[in-house]
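Me: I would like to learn how to read strands, helices and domains in a model like this one. Can we go through it step by step?

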Amino acid sequence: MALNLDSFRNEPHLDFTKPENIRKQREALEKVRKQFGHEYPNLIDGKEVYSREKLYTTNPAHPSEIVGIFQKGLRRDAEQALQAAWRAFEQWSNVPAEERALYLIKAAQEMRRRRMELNAWMISEVGKNYAEADADTCEAIDFLEYYAREAIRYAQPQPVTPVPGERNEYFYIPLGAGVIIPPWNFPLAILTGMASAAIVSGNTVVVKPSSESPMMGWLLADIFRRVGLPEGVLNLVVGSGSEVGDFLVAHPRTRFIAFTGSMEVGLRIHELAAKPQPGQLWIKRTILEMGGKDAIIVDSEADLEAAVQGVVLSAYGYQGQKCSACSRAIVDKAVYADFVHRLKQAVKGLRIGDPAENYEVGPVISARAQESILYYIQIGRQEGRLLVGGNPVGDLDGYYIEPTVFINVPPRARLAQEEIFGPVLAVLKANSFVDAIRIANGTIYGLTGSVYSRNPDKLRLARDKFHVGNLYFNRKCTGALVGGHPFGGFNMSGTDSKAGGPDYLLLFLQGKSVSEKLY
Ligand code: NAP
């Protein structure tokens, strides 16, 4: 089969300043609301499987609304799913790369067709506003299109140095059956990216979506089913991380684990996966993408208006619930007062409300998240000076927290060191540009960062010394694009797997060298 694909291009985001797009998104939301409370099965070996215990997801903007009812899978389901994945692997691993890639291209087409509906589910299940939800769907489409092309590239014969008297080959083969464990904050994009990279490389998977966003897990599994992906290649088991997740990670027949989530859970998976179990034949491969404490440096020579805008977008986009979110603004003392003054005005101007009405700032994901963020706000009151926000939003149903800024936060304060994962920004004062980089590098993380400066020498210095996986100049530190900004962090932010980059599929492959002596 010849699959002629033109070169990869990012899916253009919809412009929601256009009334036409707003209208279409509202209509899709209404349609989706009519399906609230429906029940969805797990998918194991192509079969719909129901459990006795259920898992309910609710709308974080209106917690009494049940978005969907899912099956709370148990170890037995996980075991069956893993076995089904291994059975499917026998055939799937021999399917030519172009044929496997075609399933991804078809899934991308299906997502484009259902784009408004996917956005609407995301708006309802995890509280994204229209643009954030649409960017998530676009990124999912991008991963499918990008990895389809990458799989074909990796399937080509790899160059080897000629050795006289031998015929030598080097090529890549898949790993086997693995487990995909995504977070809820990019519930379609990250799930789609990790799952599609694994299967297009010839592996089979058990997907365990986040308990906060099982609807997106169901939608992806259903999309792949609709485009005819063979049974057992992608199995869906909704269930708790500690029950089903731990079981799958520790299982001797799990060949690899692709995880994105918090540092605590990532490190636990790392440890558990490292311990060989009786009967285990391999060292498990782990791909672990974790948290961040991302900083934007505002230099004395920065365009301050642009810097304020970049910090606000990065800190409060999706309520700060992005691994790439700016949670520290490190500002040169020469412009500190001016920056703080402008920042205050900008943050006060943010509109808070129901994401279904497309407000800029919506609710955080859950009551537990709200509680944890409010706990950090209490700590912040002791460690810095509260400039804006600091409270839950009392007159709104849902888990809202005001966009919050603390100033004069010392670099070693907990507020400046620990991932909060909410709309809380710490502003730190630096004595110089070099001092700002030192502060920026002074956490255990190393995911994203940004520098606002007009001075090219300082940007060059930051290029070399600011130790993060994704560094941006004179723009926000969120919004990495597949292909353009391969994404993944250093240090405790993860294994630097660089999703959406040219090295990513290698993580799901192993190289085989074959050498034949010529007579
Ligand atoms: P999380 O609590 O670590 O959960 C992530 C996934 O792990 C969920 O599916 C969860 O399932 C599962 N899980 C929990 N305990 C487990 C266990 N013992 N064994 C196996 N799986 C387990 O993270 P989250 O709250 O969903 O996501 C937010 C975090 O993700 C933040 O720290 C953020 O920075 C990080 N993140 C990083 C990146 C990146 O690219 N570096 C991107 C996005 C997000 P349950 O939901 O059932 O508990």
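**Strands, helices, domains**

Reply: Start with a pair of strands. S4 and strand S5 (residues 62-71) are antiparallel and joined by six bridges. Strands and helices are DSSP runs, E of at least two residues and H or I of at least four, numbered from the N terminus. Two strands count as paired if DSSP finds at least two bridges between them. Asn59 stands opposite His62 in S5. This is a predicted model, where local features need pLDDT of at least 70 and side-chain atom pairs pLDDT 80 or more, while totals for chains, interfaces and linings use all residues. Residues are numbered from 1 along each chain as its sequence is written, and side-chain values use heavy atoms, without hydrogens and water.

Me: What is the strand order of the open sheet of three strands?

Reply: The order is S1-S5-S4, and the pairing is mixed. From one strand to the next, the twist averages 35°.

Me: Which helices lie across S1, S4 and S5?

Reply: Angles come first: they run from 0 to 180 degrees between N-to-C directions, with axes as lines fitted to C-alpha atoms, for helices over the stretch in contact. Helix H4 (residues 115-126) lies across these strands at about 95° to S4. Helix H7 (residues 214-226) also lies across them, at about 40° to S5.

Me: At what angle do H4 and helix H5 pack?

Reply: The angle between H4 and H5 (residues 130-154) is about 120°, and their axes are 9 Å apart. Under 35 degrees is roughly parallel, over 145 roughly antiparallel, 65 to 115 roughly perpendicular, and the rest oblique. H4 and H5 are therefore oblique to each other. A crossing is left-handed if the near helix is turned anticlockwise from the far one by less than a right angle, and right-handed if clockwise. H4 passes H5 in a right-handed crossing.

Me: Which residues make that contact?

Reply: Contact means heavy atoms within 4.5 Å. H4 gives Arg115, Leu118, Asn119, Met122 and Ile123, and H5 gives Tyr130, Ala133, Asp134, Asp136, Thr137 and Cys138. By class, six are nonpolar, two polar and three charged. Nonpolar covers Ala, Val, Leu, Ile, Met, Phe, Trp, Tyr, Cys and Pro; charged covers Asp, Glu, Lys and Arg; the others, Gly among them, are polar.

Me: How do H10 and H11 pack?

Reply: Helix H10 (residues 304-316) and helix H11 (residues 336-348) meet at about 50°, with axes 10 Å apart. That makes H10 oblique to H11. H10 passes H11 in a right-handed crossing. Among the contact residues are Val308 and Val311 of H10 and Phe339 and Leu343 of H11. The contact divides into 10 nonpolar, no polar and three charged residues.

Me: In what order do the seven strands of the open sheet run?

Reply: The order is S14-S15-S16-S13-S12-S17-S18, with mixed pairing. Strand S14 (385-388) and strand S18 (470-473) are the edges. Neighbouring strands are turned by 20° on average, direction ignored. H11 packs on this sheet, and its direction makes about 170° with that of S16. Helix H15 (residues 456-465) touches strand S17 (448-452) and S18, at about 175° to S18.

Me: Where are the domain bounds?

Reply: Such bounds come from an automatic or database domain assignment. Here it gives domain 1 (25-290 + 497-513) and domain 2 (294-481). Their centres, over C-alpha atoms, are 31 Å apart. The contact takes 23 residues from domain 1 and 28 residues from domain 2.
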